[in-house]
Every structure is written in C-alpha cells, then in structure tokens.
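Let's walk through a few of its charged and nonpolar side chains.

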Amino acid sequence: QSNWGSRSRFPQTRMGVEQVFVDYFTRAKQYEKDKASGNYRKDLEMETILEILNGERFISCHSYVQSEINMLMKVAEQFDFNINTFTHILEGYKVADKMAEHGVAGSTFSDWWAYKYEVNDAIPYNASIMHNAGVLVAINSDDGEMSRRLNQEAAKTVKYGGMSEEEAWKFVTLNPAKMLHIDDRVGSIKVGKDADVVLWSGHPMSIYSKAEKTIIEGKVYFDIEEDKALRKENQRLRNVITTQMLQAKNKGLKTQPVKKKEEQHMHCDTLEVFED
C-alpha cells in the first residue's frame, strides 16, 4: 500500500506485515496464558485469534506473490497452525510443493495476469501445476459477471495444463466445497446431499451449452421452456404499453423522458449501503 497514500496505522512494507502477524499471534498466546490463570480481561479480538491458533476457525488468506505466500506459511508453522486456503495466489505454481507440504488449498483465477505489478508473473498453468503437486485447487472469481461462468473458467485448465474434464469440473464444484468444509452437503451429486443441480443442453464446460433447468433443493427455479413463454408474453405486454404511450403522446398528454437505470456491477471491492 506504499503508493496508495494510505494513513493506516499498520506498516506499509511486506516485512512490516509479517511483524504485525507475529505480534498478534504472540499477544494471543500470552492472552491464553492469562485466561487460564483467571487474571484477564476478555478481548474479542484475541478470542478470535485464539480460535485460529487452536484450529477452531478456518482462515482464507489473500495472496499473490511467492514471498508473501511463503511468509504466511512460515508464520503459521511458527505458531503451529495451518492456513486453510490461499485465494488468488497467482504465483502458487512457484511454491506448490511447499503448499502441499503445509496442507493449504489454493483458490485461483484461471488466466488473469499483468493487470497490476503483483501479477506480472502469473501464468494460466497455475491451477494445473498446483493440482499436480498435490494441492487442493479451485477456480474463483471476484467479478460478478465472471462468477456466472465459472464452468467456462474451469474449462480453461483443460487447455492450459491438460487437466482431465472430471478434475477440471471439480475445480468449481467439489473442491470449493471441501475448502469451505461443507462437502458433506454440497459439491457433488450424491444421495443425502443438498440437491442443487443445473441441467445443460450439452457439455457443461462448453460455451455453446445453455442451462435448461436450475433445481435448488428439489424446486425448479429456472426452466428454459417456461422462460421462452415468459419472454413472449413480456414482448406482448411491452408492445401494448408502447402503443398506449404513443397514443397518449399523439393526443398531447403529458409525458416524461426516459429514465436510464444503470445495473450495478458487483466486484470484490463493492461496498453496499442498505437503507430502510
């Protein structure tokens, strides 16, 4: 953040960030001792960090370059706990062996690179290299539009890295569920799991396939044939309303200009304020 003009009270260097982690975990260790003695004041921040240290809270860490990935694994091992998942992790391919040894998963972009300095070394083979090294891998997006097409993002790993179609499909189904520790409920089609299913017109990773049905917990939320009928009815109603508007205008009745409504594009840094 050294070039952001930040006035944060936290350090603005990678070395400083490491020291912040070490300081907080050290404080939490001391807090645990004080708590055991009964001579302590309850601190919700320290309680949360204690849950991390004691393996009661799973943590996901944002990351890009190998130096920060190595740093955080080293800090975690210093305090005897494991990181659950590194997200983005576009240089994971450089440290995949160390990630596998640590036991951390990697949730990455399929082929994003060179959009800022930290991702200059990113490659589209990242996911397959991490997978082949024994890392649990998922394909993610922090973009509201791309998140609707993660099936196609997963398909890119077949091209870049020669992933099998089944393993590539797990990158956006079962593997993310494992990272979230909910694979006993979702992530694959199996008796006893929550039935969230999409039926496709063709191969689920093909850009030419269309979703024909979406079924959530046994209820059909989308049906392409019903959608076609609704579109036809909507077009009929639109024509009726348009005709009425033109007739009103031709009669000299009061009209109002078109109000353009911008659809909000959700992104990872979107901050939404809801008002009553």
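What follows is a short tour of salt bridges, one lysine and a surface patch.

First, some ground rules. This is a predicted model, where local features need pLDDT of at least 70, side-chain atom pairs count only at pLDDT 80 or more, and totals for chains, interfaces and linings use all residues. Residues are numbered from 1 along each chain as its sequence is written, and side-chain values use heavy atoms, with hydrogens and water left out.

**Salt bridges**

Side chains of opposite charge can pair when their charged atoms come close. A search of the whole structure turns up 17 salt bridges (a side-chain nitrogen of Lys or Arg within 4 Å of a carboxyl oxygen of Asp or Glu). Here are three of them:

| Pair | N to O distance |
|---|---|
| R14 and E68 | 2.6 Å |
| K170 and E167 | 3.4 Å |
| E225 and K228 | 3.6 Å |

Helices here are DSSP runs of H or I with at least four residues, strands are runs of E with at least two, and both are numbered from the N terminus. R14 is partly exposed at 40% relative accessible area, while E68 is buried at 19%. Buried means under 20%, exposed over 50%, and partly exposed in between, using a 1.4 Å probe and protein chains only.

K170 and E167 both belong to helix 7 (residues 165-170), 3 residues apart, or about one turn of the helix. E225 and K228 are also 3 residues apart, in helix 9, about one helical turn. Salt bridges that share partners also join E91, K94 and D121 into one network.

**A buried lysine**

(Lys and Arg count as positive, Asp and Glu as negative; His and the chain ends are not counted.) Still, a polar atom of the K193 side chain lies 2.7 Å from the backbone oxygen of D183, and the K193 side chain reaches the backbone oxygen of V186 at 3.5 Å.

**A nonpolar patch**

Finally, L237, V240, I241 and M245 make a nonpolar surface patch of about 350 Å². Patch residues have over 30% relative accessible area and no salt bridge, with nonpolar side chains (Val, Leu, Ile, Met, Phe, Trp, Tyr) joined within 5 Å and like charges within 9 Å. Areas come from the Shrake-Rupley method with a 1.4 Å probe. L237 lies in helix 9 (residues 224-250) and is partly exposed at 38%.

Definitions and conventions
A polar contact is a pair of N or O atoms within 3.5 Å; within protein, one must be able to donate a hydrogen and the other to accept it, and residues adjacent in sequence count only if both atoms are side-chain atoms.
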